[in-house]
Number of protein chains: 2
Amino acid sequence: MAHAHNKFQTRLASIAADMETVLAQVLPEPAGPQARIMEAMAYALLGGGKRLRPFLLIEAAHMLGAKNQGIWQAAAALECVHVYSLIHDDLPCMDDDDLRRGKLTLHKAYDEALAVLAGDALLTLAFEILAQDNVHPDAGIRLQLISDLAESSGTHGMIGGQVIDIYAGDGAQDEALITQLQALKTGALIHYSVLAGGRLAGATDFDLQNLSAYANALGLAFQIRDDILDVEGDSSVMGKRTNKDAGLGKATFVSIHGLEGAKQMAQDLGERAKSALKPYGENADILCSTVDFVLNRQK
Amino acid sequence: MAHAHNKFQTRLASIAADMETVLAQVLPEPAGPQARIMEAMAYALLGGGKRLRPFLLIEAAHMLGAKNQGIWQAAAALECVHVYSLIHDDLPCMDDDDLRRGKLTLHKAYDEALAVLAGDALLTLAFEILAQDNVHPDAGIRLQLISDLAESSGTHGMIGGQVIDIYAGDGAQDEALITQLQALKTGALIHYSVLAGGRLAGATDFDLQNLSAYANALGLAFQIRDDILDVEGDSSVMGKRTNKDAGLGKATFVSIHGLEGAKQMAQDLGERAKSALKPYGENADILCSTVDFVLNRQK
């Protein structure tokens, strides 16, 4: 168990390190009188983060036997979208956060205008990356990745979830609503991560169904763990504010089910995620360890 | 001349009206607890604007003989990107404008958070539209449109121009710099509009070169006309503030060349744009009339 844990941590760290190199390569060089936007994008995109979404994409592809370089390109596009969403969510008009991944948020390190524009530019870059033929030789697969990414990050995905989060207010005491909120706000992009890895590896419909069940359970477990950390976590470990949701009187899985109830839910979802990958035997070991990692993470 | 002018105005109005229908169709229906974001997108996207960029795309395609429905889908994606850029440029942290197309800007009609998110959602939607097979049966063409749109609206295009515009400050007294600024900020998307129409119509390299020369001259003429209107225009006609740039002490083509000098430059560029389309004879009539329209527009 400790061995499996160490092996997983080594793999996660190794992929994060390689991902850093790929991310640095996909960023535009700071050049021209607009160089500061490239610098701001690099500030936000590089040097931090677990790179969980790229990890999921890469490991889902590996599970099905794909190892080509295009996987890393697609993972970079995905991380661009994730980071753009963090930049915009941190803005004063939204969550108004000063810290992210232990350093100043982009609008604090630069300014609000550049934070809006750097987010826009990372979102734009993601689609530019996915359109390139080094992602996958089959144009149809690239278009599917583009279409799926747009859907999972748009109004029926991540943006929709953020809108619910901002405006639901005191109405969000309802478990059905917060489940939907999280399915959109964080779940949709996690789902995309896993499915995109599958598509790049030539997944069959059977594979896509299994990956989808895994991703949905994992995404919700991830969010419940976030709610637990918001109450139990140490802000110096997490590199961001804690007790935000409780402080705002927002409903969370913890406020509805209590700490122990929420932990049990997360465990049950974790089991469900693992059992969805039973057909893949030991090829699914890494994705199953990812479930334990998500359930036990401290940040 | 008056006849050609009327014919052009009829065509422009007709395409704008049809475009309105297509834009309403591509927008997501307001549904779910996030319905307000769909409403905000509709507020910003529908009911106004000359739809000049869609018009350019559609007429460039028509000039080369293409008339399929996919042209309208691509034009809708393009307009989503244009409108997203207006929403974000109007934000308090950027131009801080209250009026756009004669009505309240999105962050005034709703709020800042929703304006950021609605802009993000329109940008995302643009790529989702372009990935659909009703745009063009050839997947390679759709990927090219996606790639080109990302490039022309990213850090080496529209966003780059906006960054220069915001931060060049008093340094922007240099004609080379303001020409570059405008080539990126407005020129790149106008260039894309014309080229995308060409690509959808199966343009040859020769055609693309001609369209490119036309678009570059037209884009710069467009911007010079904007600078002229900023001084001469009537804000009640234009539906937005005038005298913004002069008020801010920003260099413009008018401040560098004077009003008459700027008008002459715009005329010369207009001639250059028209001559680039000589090979197409009367098939280019509409795009040539567009030049006159851009040079004479009052808003």
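The exercises below move from the whole model to single residues.

This is a predicted model, in which local features need pLDDT of at least 70, side-chain atom pairs count only at pLDDT 80 or more, and totals for chains, interfaces and linings use all residues. Residues are numbered from 1 along each chain as its sequence is written, while chains are lettered from A and ligands numbered from 1 in the order in which they are written.

**Exercise 1. Confidence**

Find the mean pLDDT of chain A and the scores of the model.

Solution. Start with pLDDT, the predictor's confidence in each residue, from 0 to 100. Its mean over chain A is 93, and 92% of the residues of chain A reach 70 or more. Next come the scores of the model: ipTM is 0.95 and pTM is 0.95. A reminder for any such reading: where pLDDT is low, the predicted coordinates should not be read in detail.

**Exercise 2. The fold of chain A**

Count the helices and strands of chain A, then compare its radius of gyration with the globule rule.

Solution. First, the secondary structure: chain A has 14 helices and 2 strands (DSSP runs numbered from the N terminus, with H or I over at least four residues for helices and E over at least two for strands). Second, the radius of gyration of chain A is 18 Å, close to the 19 Å that the globule rule gives for 299 residues, so chain A is as compact as a globular protein of that length. Here the radius is taken over C-alpha atoms, and the rule is 2.2 Å times the number of residues to the power 0.38. Third, the C-alpha atoms of chain A fill a box of roughly 50 × 50 × 35 Å along the principal axes. Finally, buried residues make up 51% of the 299 residues in chain A. A residue is buried if 20 or more other C-beta atoms, placed from the backbone, lie within 10 Å of its own, exposed if 12 or fewer, and partly exposed in between.

**Exercise 3. The interface**

Work out how many residues of chain A are in contact with chain B, and which element gives the largest share.

Solution. Apply the contact rule: two residues are in contact if their C-beta atoms, placed from the backbone, lie within 7 Å. This gives 45 residues of chain A in contact with 45 residues of chain B. On the side of chain A, the elements giving two or more residues are α2 (35-45), α6 (112-131), α7 (139-153), α8 (158-167) and α9 (175-200). The largest share, 12 residues, comes from α6(A). By class, that side of chain A has 26 nonpolar, 13 polar and 6 charged residues. In this scheme Ala, Val, Leu, Ile, Met, Phe, Trp, Tyr, Cys and Pro count as nonpolar, Asp, Glu, Lys and Arg as charged, and the others, Gly among them, as polar.

**Exercise 4. Symmetry**

Which rotation superposes chain A on chain B?

Solution. Superpose by least squares on the C-alpha atoms of residues with pLDDT of at least 70 in both copies. A rotation of 180 degrees, with 0.0 Å of shift along its axis, brings chain A onto chain B with an RMSD of 0.0 Å. The two copies are thus related as by a two-fold rotation axis. The same surface serves both copies, since 100% of the contact residues of chain A recur in chain B. Of the residues of chain A, Ala139(A) comes closest to the axis, its C-alpha being at 3.1 Å.

**Exercise 5. Buried or exposed?**

Decide whether Ser193(B), Arg199(A) and Pro137(A) are buried or exposed.

Solution. Take Ser193(B), found in helix α9 of chain B: with 30 C-beta neighbours inside 10 Å, Ser193(B) is buried. Its contacts beyond four places in sequence are Arg53(B), Leu56(B), Leu57(B) and Leu78(B). Then Arg199(A), in helix α9 of chain A, has 26 such neighbours and counts as buried. Beyond four places in sequence, Arg199(A) touches Ile141(A), Gln144(A) and Leu145(A). Last, Pro137(A) lies in the loop between α6 and α7 of chain A, and its 10 neighbours make Pro137(A) exposed.
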